[in-house]
Amino acid sequence: MTVKTLTINGQMISAREDETLLEAAQEAGVHIPTLCHLEGVGDVGACRLCLVEIAGINKLLPACVTKVAEGMEVNTNSDRLQKYRRTIIEMLFAEGNHICSVCVANGNCELQDLAIEMGMDHVSLEYQNPKRSVDTSHDRFAIDHNRCILCTRCVRVCDEIEGAHTWDMAGRGSKSHVITDLSQPWGTSQTCTSCGKCVNACPTGALFNKGASVGEMVHDRGKINFLFNARTKKEWNF
């Protein structure tokens with residue numbers, strides 16, 4: 001495997017040629033904010049929070065889907081990037097209905113954590129206040145579309161880790177939303193195995209365990225990482 005040498009924020013690092021900028025940065029201890037990225041499933045570059053500046057390239061590139069290259073000079077923390085990231089977080093809050101004080105994931109939410117990290121103390125954009133549904137038809141879980149940020153973690157973990165592909169996307173633009181099977185109530189899905197991986201993968205309070213009250217919905221990423229590592233290292237092959 002060829003090794004590439006590049007700089008991130010002026011720090012010289014080495015990375016395998018198949019690594020992304022996000023992976024290389026994380027290994028070097030450089031923090032890049034993400035929302036749609038989830039260890040163990042494929043990256044899609046949907047949230048754009050991990051945009052970085054690369055010398056010689058005018059446009060910003062998402063670190064999660066950009067491969068390292070020899071001599072690349074990467075900047076992850078400029079005023080321009082911080083402004084973009086804060087705007088993205090504000091847009092997510094304005095586009096959905098995120099009322100943290102009454103959310104089951106309050107205190108355990110990656111979107112909330114990033115808002116704090118960005119220093120967001122108010123939303124400067126106009127709230128859209130969309131009318132979205134809550135599906136409680138499943139015996140164990142529920143989905144509140146008001147809190148969904150369309151990161152597609154649930155879609156990817158259900159497809160790539162569980163192999164069920166119960167979740168998918170439907171609609172366009174502001175009408176985009178996640179669906180189960182052929183856009184039917186979750187509780188009537190014939191493919192859902194009730195494994196709960198989608199619930200643990202969700203970065204917000206959109207997917208939650210029934211009966212969880214405000215602040216109780218902790219997402220257990222460890223189960224997903226355990227399965228990913230076991231399969232990658234072939235720990236179950238005898």
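Against which helix do the buried residues of α3 pack? In this predicted model, local features require pLDDT of at least 70 and side-chain atom pairs count only at pLDDT 80 or more, whereas totals for chains, interfaces and linings use all residues. Residues are numbered from 1 along each chain as its sequence is written, and side-chain values use heavy atoms, with hydrogens and water left out.

Helix α3 spans residues 110–117, and Leu111, Gln112, Leu114 and Ala115 are buried within it. Helices (H or I, at least four residues) and strands (E, at least two) are DSSP runs, numbered from the N terminus; buried denotes under 20% relative accessible area, with a 1.4 Å probe and protein chains only. Viewed down the axis of α3, the buried residues fall within an arc of 165°, taken from the directions from the helix axis to the C-beta atoms, and so line one face of the helix. The partner against which the buried residues of α3 pack is α2 (79–95), contact being heavy atoms within 4.5 Å. Gly119, with a positive phi near 75°, follows α3.

The axes of helix α4 (residues 153–162) and helix α6 (residues 221–232) come within 12 Å and cross at roughly 35°; axes are lines fitted to C-alpha atoms, for helices over the stretch in contact, and angles run from 0 to 180 degrees between N-to-C directions. Arg153, Val157, Glu160 and Ile161 of α4 and Arg221, Ile224, Leu227 and Arg231 of α6 make the contact.

His145 lies in the loop between β7 (141–144) and α4. This histidine, His145, is buried, with a relative accessible area of 14%. Residues up to four places away in sequence aside, His145 touches Arg132, Ser133, His177 and Val178.

Conventions:
Buried < 20%, exposed > 50% of the residue type's maximum accessible area, 1.4 Å probe, protein only.
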